[in-house]
Amino acid sequence: MEYTIFILLLPFLSFLTLGIAGKWMTHRKAGFIGSTVLAVVTLLSYITAWQYFSAPRLEDGTFATLMPYNMTWLPFTETLSIDLGILLDPISVMMLIVISTVSLMVHIYSFGYMKGERGFQRYYAFLSLFTMSMLGLVVATNIFQMYLFWELVGVSSYLLIGFYYTKPAAIAASKKAFIVTRFADLGFLIGILIYGYYAGTYTFQPDEMSLLTGGAAMLPLALGLMFVGGAGKSAMFPLHIWLPDAMEGPTPVSALIHAATMVVAGVYLVARMFPLFIGYAPDVLHIVAYVGAFTAFYAASVACVQSDIKRVLAFSTISQIGFMMVALGVCTSADPHHGGLGYMAGMFHLFTHAMFKALLFLGAGSIIHAVHSNEMSAMGGLRKYMPVTHVTFLIACLAIAGIPPFSGFFSKDEILAACFQFSPVMGWVMTAIAAMTAFYMFRLYYGIFWGKENKELHTEHTPHESPLAMTFPLMFLAAVTVVAGFIPFGKFISADGTAYTIHLDWAVAGSSIAIAVASIAIATILYARSQQPVADALARRFHGLWTAAYHRFYMDEVYQFVTHKIIFGCISRPIAWFDRHVVDGFFDFLAWSANATSDEIRGLQSGQIQQYTYVFLLGTLALILLLLL
Amino acid sequence: MEYYLIVSAIMFFAGIYGFFTRHNTLAILISVELILNATDINFAVFNRFLFPDGLEGYFFALFSIAISAAETAVAIAIMINIYRNIRSIQVGKLNDMKW
Amino acid sequence: MEITLETVVFYFLAVFITVCSILTVTTRRMVRSATYLLFTLFGTAGIYFLLGYTFLGSVQIMVYAGGIVVLYVFSILLTSGEGDRTINKMKRSRLLAGLGATGAGALIVVFITLKHKFITTTDLAPLEINIKTIGNAMLSSDKYGYLLPFEAVSILLLACIVGGLMIARKR
């Protein structure tokens, strides 16, 4: 499996080449290099997965954890060191497939979408950097290596969100993303350090001796802090504020980073530390579930009233990641085989969600490319002009709503089954949120493709179907969405590693399908026609609630208040005053006193002879007096 | 004997006062002459009253007179030179230092 | 203390010297200052004669009164003789400072002088030091001979002559 190093090395080399020499390449060449490298990486990932999963299992029924490379990089003590290496494990191999496939689709798509843009080569360089960082994150052998690549992913996200750097909104959004995730990473780092100290190692198998001698009590704290870092990157409430603003970046970037790969890094972190969570910190796991559930509900309610299609999709992403966190969080250790259903379901949903969410975003990009605007008011009735986009978008909406036989149904059904296993309340709450998901997605669908056309915009520029570079990825991802549901996921990934056959619990499945169909019906009644009397009447009736949801329940204003009034006003300003006046003032005073003293002493060297003699005389008289007395 | 010393003390301090308060450099040099003379009187008086047999104070005074003469000559030569260069012998004008 | 001629002469000379020295340093005009200096030097010579040191007094008159004062008068006339009087716009602070320092010093000295008891020597044995003694003492190289200082002073005088010429020559 030594060839796996190329999965990391090739995108890095592509980044260096495109970054340094991109200026002298044509756009075609740069795009071609970037996409070819990624195609090779995707091929290598598939080969790795094939080899890994077709190898015979070990005696206890699990797949072997392979570490083709593990190099000691920074040793702290004999037992504690930061390593760099590649770890192959069912979830990391699955993530390799997801990341490389979606990234390849985005690379091909960007050929058409970013055509003629300034900075085309820079864009492909950053995409390669991001791909390398994300791949490095998932194959990390120890938590510190994961942290390293975590930060790299954050930097790539910053660079890509702020790609249109002449736009102030984009700059502000990239800064916000980086600062919020960096702030969460502080918790992550503290968690890592506590973990390293008490578990005796940074790898994912803690040292038994250290744990027995008092380490086990500190593990929940360490894991909780690490989850804080994951919550920042995965946009859990209240650290979700950066994700809607991150839509300022180009749409393929949103598809890659903020739908399919980077935002699932937090989910991947929890999954990676899952044995430790189950064994030593089950309560923290439940906190994870509650946070995820609340986030899902919050995001779904805000998504129902947004008018910018990318914002709707962003909140939808936050909601679906909430689903994944809930899935991981409701696992219990009581029955390792069935209690770990949520783990398998969460990972399955990650896989399918990556595919159909990327499809949704790329489809949105295609629409934005056609009408040159993000707002739903500029769209309507586009099904006549863009057939391919229409069909693929519809497939993705059906998948996210949970309609069989599309993939979303299977993964969401497993999550709901796991929730019902945990507690009926959680199960019904998540079902309700699933209904809201179906509702707002179809509101979006009808708003774009049905309803009243915006004729004024069409007279200048008739919307037309996108070029093949853009429609090919849409079709490919749609095909994956259709068939992915039938993959026997449990055979490959499960909580304890043994094969798990997925049963379909018809009670849960039936209720979820029924509720989804009902939501779609409501959405159709409200939004499918050109006039929307019922929707407008509802909006007027609940005007306060509608405006609050439109403004995302004023979370950004709360943050502004806390940072500006409280932190800046009450803490930073006095400290700054103290620094400027007391600390600096002290040194200014020293300098001033030196100056003043020297000014005084300077008078002693005036060049006037009489003054010299005067001083001499005074000195002599003083001496005489001294001798007298 | 003390009365002689008081006289020389008065002359001495008159010289010091003149040294501090005069603007003309030559007046300062004159004050220096007064001081030197006062010390000569002191030496002569001490020799006469306390050591009538020896001549040390006598000769000291003698040589002091000779040396003051030499010093005065050189000082006046310097003053003449200064006068040639800056056309003034006010001591306030003489405070320009090297750097 | 009986009033002898000696005391009368002494008091006269004392007053004379005091007055003239104070006038030397307080007068505005330079030539007058030089003249008062001359008188002071005469007074000093008088004191030497009173003490019985005739040779010293003569040397004083010859060198000081006859040579140095003439030198001063010449230089005063050369430099400030063009009607440039001593501009006495004295700063009040400087005057007071000088006066203060002088007064303090004078007080200290007088205090010391009168506090300590010197050997009571009111009566002076008349003294006659003749030239032969002086000459022998000055030019002998025994224990109390002053040949070395004599030669040194002569070299010093030579150096001063040369130096004076060098400094003040015409460029």
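I take helices (H or I, at least four residues) and strands (E, at least two) as DSSP runs, numbered from the N terminus.

**Ground rules.** I note that this is a predicted model, in which local features need pLDDT of at least 70 and side-chain atom pairs count only at pLDDT 80 or more, while totals for chains, interfaces and linings use all residues. Residues are numbered from 1 along each chain as its sequence is written, and chains are lettered from A and ligands numbered from 1 in the order in which they are written.

**Entry: A:Phe553.** I placed A:Phe553 in the loop between α23 (543-550) and α24 (555-602) of chain A. Its phi is near 55 degrees, a positive value in a residue other than glycine. I recorded A:Phe553 as partly exposed because 15 C-beta neighbours lie inside 10 Å; a residue is buried with 20 or more other C-beta atoms within 10 Å of its own, exposed with 12 or fewer, and partly exposed in between, C-beta atoms being placed from the backbone.

**Entry: the α7 to α8 loop.** I found A:Ala235 in the loop between α7 and α8 of chain A. Phi of A:Ala235 is near 60 degrees, again positive in a residue other than glycine. A:Ala235 is buried, with 29 other C-beta atoms within 10 Å. A:Pro238 lies in the loop between α7 (208-233) and α8 (242-245), and the peptide bond from A:Phe237 to A:Pro238 is cis, with omega near 0 degrees. For context, most residues other than glycine have a negative phi, and most peptide bonds are trans.

**Entry: another cis bond.** I also noted a cis peptide bond from A:Pro404 to A:Pro405, with omega near 0 degrees. A:Pro405 sits in the loop between α15 (387-401) and α16 (407-422) of chain A.

**Entry: chain A overall.** I counted 25 helices and two strands in chain A. Its C-alpha trace spans about 120 × 70 × 55 Å along the principal axes. Of the 629 residues in chain A, 49% are buried.

**Entry: chain C against chain B.** I listed 65 residues of chain C in contact with 55 residues of chain B, contact being C-beta atoms, placed from the backbone, within 7 Å. Of the side of chain C that touches chain B, α3(C) gives the largest share, 14 residues. That side divides into 43 nonpolar, 21 polar and one charged. Here Ala, Val, Leu, Ile, Met, Phe, Trp, Tyr, Cys and Pro count as nonpolar, Asp, Glu, Lys and Arg as charged, and the others, Gly among them, as polar.

Methods: Two residues are in contact if their C-beta atoms, placed from the backbone, lie within 7 Å.
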